[in-house]
Amino acid sequence: MSNHPEQALLLRYIDGELPGRKSRAVQRHLEACWECRTELEELQQTVAECVRYRKQILAGALPAPPQEWRDMYKEFDRVDATAPRRRFFPWRWGLAAATAALAVAGVFQYVAYYKVHDAHLGDVGNTNLAASSKITEPPIRNSTESGAVSVEVPPRSAVPSRPAAIVPGPTASISDELLVMSVLHEIGADLGDPVQVSLSDGRVQVSGVGVAPERKQKILAALEPLPNVARNFSDPPAPPLLPNDAAAAQPAASSTASNVFQARLEAQLGGRGLVDRFTGRVLTWNESAMAHAYALRLLAQKFPVDDSMNQKDRATLRGLARDHLVALAAPLADFDQELVPVLTALGAASSRTAAASDSWQGAAEQVFQAARRIEVLSSLLLGVTPGQSAHADLPSELLGAVNELRADLDQSQRLLGR
């Protein structure tokens with residue numbers, strides 16, 4: 001799958017409605033595309049909010065039935081007790097039929113009453129859900145933009161209390177969710193593993209599809225002692241075996257696209273082999289930077305406000321964010337040491353700095369966007385993005401993205417230190 005799947009296709013993938021071949025194509029695309037994995041996670045969060053709303057808010061707001069069910073068997077017993085045993089009375093069956101008709105009428109009365117109230121509450125709920133389910137992907141900043149990036153992050157709703165008659169036992173809280181994320185962070189399961197964490201049905205739901213068996217066992221063992229955790233892992237469907245002629249008909253991998261900077265890079269670095277090794281190092285740095293930037297952004301989106309948390313939870317959340325910022329410093333140092341001199345030799349010049357942010361969550365989004373820009377622009381510069389060509393301002397834009405990432409990291413550290 002060369003193009004990004006649309007939201008409608010991702011929704012069908014989440015619901016398991018895609019045929020096997022199409023589902024596997026989407027799965028392979030998600031494994032290689034950070035952008036689509038982010039969109040998939042946002043869709044899953046929206047669906048979870050819808051389910052949570054129906055179960056926790058709407059179900060509790062529905063009125064009780066207007067009257068209790070009538071016991072028809074008591075009527076039968078009364079008729080049996082007053083009627084002679086050896087005589088046939090047709091009116092007995094008429095009375096039973098009348099009693100059944102009264103019960104059916106009661107059912108229809110309750111259903112009509114329920115539908116009226118459900119329609120009224122549904123209109124209100126649908127309005128709220130329509131507003132909360134809007135998902136937007138912030139655009140990548142370019143070299144001509146200035147100022148803060150507008151990021152639309154849906155607010156995180158608090159977990160409402162539930163009657164014991166609906167959900168018996170303790171209910172998971174944000175503290176439990178943070179504990180789960182801390183445990184996953186300790187084993188590196190927040191750096192690219194297809195694992196989702198959310199609060200739903202009074203428990204912390206930890207799910208994953210296609211996690212490697214050894215990795216899944218390690219995750220399950222780490223989660224085992226934690227309370228209020230539901231573990232839902234599944235294996236992806238096996239890909240079909242292609243016949244020899246079909247395998248031969250598959251298109252070959254795209255070769256590295258040439259662009260205007262390839263000859264200059266070879267002359268500067270000393271040949272094609274050195275350019276290839278340099279390209280491999282840059283891609284490795286990008287992979288590390290994106291893994292931590294994505295995990296940092298996920299924390300900011302799941303917990304857009306932390307001022308209302310207790311001191312322990314707030315310290316836990318900010319400690320996780322700081323860990324990812326410290327880890328991002330390593331690929332940034334590699335960019336500064338090897339990539340920036342190459343860009344400067346290509347004539348790059350940029351003084352781009354970070355836009356101001358009021359919270360560490362907003363700064364975390366800027367870190368993600370800067371890291372993403374470095375990944376995209378460096379792929380263009382090095383010719384590893386098929387079907388696209390480089391442009392004259394590319395070295396300056398890439399240098400600006402590196403400077404921006406550095407400033408965004410500094411700003412995030414300051415805001416987290418408050």
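Predicted model: local features only at pLDDT ≥ 70, side-chain atom pairs only at ≥ 80, totals over all residues.

The questions and answers below go from the chain as a whole to its aromatic rings.

Biologist: How many helices and strands are in the chain?
Modeller: Helices (H or I, at least four residues) and strands (E, at least two) are DSSP runs, numbered from the N terminus. Counted in this way, the chain has three strands, and its helices number 13.

Biologist: What percentage of the residues in the chain is buried?
Modeller: A residue is buried under 20% relative accessible area, exposed over 50%, and partly exposed in between, with a 1.4 Å probe and protein chains only. Of the 418 residues in the chain, the buried share is 39%.

Biologist: Which class of aromatic pair do tryptophan 34 and tyrosine 294 form?
Modeller: Rings of Phe, Tyr and Trp (its six-membered ring) pair if their centres lie within 6.5 Å, and planes under 30 degrees apart count as stacked, over 60 as edge-to-face and the rest as tilted. A search of the whole structure finds two such pairs. In the one formed by tryptophan 34 and tyrosine 294, the centres are 5.0 Å apart and the planes make an angle of 55°, so by the cut-offs the pair is tilted.

Biologist: How many residues apart are tryptophan 34 and tyrosine 294?
Modeller: Tryptophan 34 belongs to helix H3 (residues 34–61) and tyrosine 294 to helix H10 (residues 272–302). The pair therefore links distant parts of the chain, and the separation is 260 residues.

Biologist: Why is tyrosine 294 classed as buried?
Modeller: The class follows from relative accessible area, and buried means under 20%. Tyrosine 294 counts as buried because its relative accessibility is 11%.

Biologist: Why do tryptophan 285 and phenylalanine 335 count as edge-to-face?
Modeller: Their ring centres are 5.9 Å apart, which is within the limit for a pair. The pair is edge-to-face because the angle between the planes is 85°.

Biologist: Which ring does the charged end of arginine 37 sit over?
Modeller: A charge sits over a ring if NZ of Lys or CZ of Arg is within 6 Å of the ring centre and within 35 degrees of the ring normal. The charged end of arginine 37 is 4.5 Å from the centre of the ring it sits over, that of tryptophan 34.

How values were computed: Residues numbered from 1 in each chain as written. Heavy atoms only, no water.
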